[in-house]
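Hi,

Here is the structure I promised to pass on. Have a look at it first, and then read my notes below.

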Amino acid sequence: MSELDLGLKVDSRRLLWRMGFSTRIDVPLRAYGPDPSGGANSVESFTDLDVLGVMALPSGGVETAIVDCKTGGSSAISRMFWVRGLVEFFGARSAFVVREREISYGARQLAARLDLTALTGSEVAALEELHPSNLPLMSSSLSNLFDPVHVARVAQLFAQQDSRLKPLLDYRQFDYWIYDEYLNPIQMIEHLRGVRRTLDGKNPHHVAILLDCAWLYVLTLLHAIGEVRKTHVSNLAGGLKEYLLGGPARVREKENIERLLGELKAAGELPESVVTDPLPPYFASMVELVGRVMRRSDRVVESLRYFEYLASAMMVSAKTTAAEGFEASYDPVAAKIAENVVAFLVQAAELDPQLLVRSRVALLEASSRST
């Protein structure tokens, strides 16, 4: 994380919160694959996004905003074309180019042509005034999300976790953003399952990791809902099945394979332990969870914010709850939706039940003293 740009990043995060988003700072994009020269597999970095904002749309799906922050002397004009590429990648509806120093008249003209918003640091503060919020953004422990020292410490601690958690941490930081979206509902479960013997509910860092993964999973569910509602709003299970398997053609292909394998098992040519169902055993629970999130899409951004706040706080071992951080704006319904997501992840991935217990306290209890 660039310390030089971090002040602009947290200011931009606060602006997006005022605008109704939940956020993520520093989203790196990379690919992992074979070396074209024939060497060992290698990692190829694409680029990175400074601040990502997401919110749920009432009609289903996700609205995304992105922010590019630079304090140095890089050309605002050249970066604007680069940001436009990120807009396409993330499907963003809003994009901001934030600079510490003054932005030239020509650069502002280009920003308008590219449908970007160009801002200096002082203009970010001015724009904040146009978006009043009843959240205690400048008081209580919630303000830590907008403190560069705290944000840098959280990022450092995420990077210093047990090496046995590396597959999960690499997935949440890198691969999640590159995978086709329909793969993530199952990929997240499998990555959590892969480290289930390491994740410990007594370790606040591990609770923070789970809550951070839950933030990503809500985003995953919103993408799924956006697709399912287009054609299957009255058949949620059927629509989700099509989404997970990659479309109607893939569903028919998988069903044919399932039928063939079933016949082989019935004939005794395959052991009974062979699984023929192309859907995971937790599919019914996933359908139920998607239905709950779909019905309360108006509260989901608050669920995301609770995850964002609590993951950050628990990574520094702070004893707090969502109710303490959000004070009078705390929404028990949004907290319960968040708890439902964590419960699903713990059960589907067979994680330490204590992770759910600790998460429930943080999300649902009125005071951290109850821990």
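Leaving aside its neighbours within four places in sequence, which residues is Asp331 in contact with? They are Arg299 and Tyr306, where contact means heavy atoms within 4.5 Å.

Before I go on, a word on the source: this is a predicted model, in which local features need pLDDT of at least 70 and side-chain atom pairs count only at pLDDT 80 or more, while totals for chains, interfaces and linings use all residues. Residues are numbered from 1 along each chain as its sequence is written, and side-chain values use heavy atoms, with hydrogens and water left out.

Back to Asp331. You'll find Asp331 in the loop between helix H13 (322–326) and helix H14 (332–348). Helices (H or I, at least four residues) and strands (E, at least two) are DSSP runs, numbered from the N terminus. Asp331 has a relative accessible area of 14%, so it is buried; buried means under 20% relative accessible area, exposed over 50%, and partly exposed in between (1.4 Å probe, protein chains only). The side chain of Asp331 reaches the backbone nitrogen of Val333 at 3.0 Å, which falls under the rule for a polar contact (a pair of N or O atoms within 3.5 Å; within protein, one must be able to donate a hydrogen and the other to accept it, and residues adjacent in sequence count only if both atoms are side-chain atoms). Val67 is 264 residues from Asp331 along the chain, and their C-alpha atoms are separated by 28 Å. The loop between H13 and H14 also holds Glu327. Glu327 has a positive phi of about 50° although it is not a glycine, and with 41% relative accessibility it counts as partly exposed.

Next, helix H12 (residues 300–315). At 1.5 Å a residue, its 16 residues should span 22 Å, and the end C-alpha atoms are 23 Å apart, which agrees. The expected span is 1.5 Å times one less than the number of residues in the helix. After H12 comes Ser317, with a positive phi near 60°.

Helix H3 (residues 105–113) has buried residues too, namely Ala107, Leu110 and Ala111. Looking down the axis of H3, these buried residues fall within an arc of 105°, so they line one face of the helix. That arc is taken from the directions from the helix axis to the C-beta atoms. Tyr105, Ala112 and Arg113 are exposed on the other side of H3. What covers the buried residues of H3? Helix H2 (76–90) and strand E5 (117–120) are included in the cover. H3 is followed by Asp115, which has a positive phi near 60°.

Now for the cores. In soluble globular proteins, nonpolar side chains tend to be buried together. I counted a nonpolar core as a set of buried Ala, Val, Leu, Ile, Met, Phe, Trp, Tyr and Cys residues joined through side-chain atoms within 4.5 Å. The largest one has 106 residues, and those with the most contacts inside it are Ile66, Met80, Trp177, Leu192, Tyr217, Phe307 and Leu345. Helix H8 (residues 204–231) gives the largest share of this core, 17 residues. A second, separate core has 20 residues, including Val10, Phe21, Val124 and Val151. Not counting residues up to four places away in sequence, Met80 touches Val97, Ala107, Leu110, Ala111, Leu114, Leu116 and Ala118.

Leaving out residues up to four places away in sequence, Arg13 touches Thr23, Ile25, Val51, Leu145, Phe146, Val151 and Glu308. With that exclusion, Arg14 touches Glu128, Leu137, Met138 and Phe146.

Finally, the cysteines. How many disulfides are there? The count comes to zero, where a disulfide is a pair of cysteine sulfur atoms within 2.5 Å. Cys69 is buried at 0% relative accessibility, and Cys213 is buried at 0% too.

Cheers
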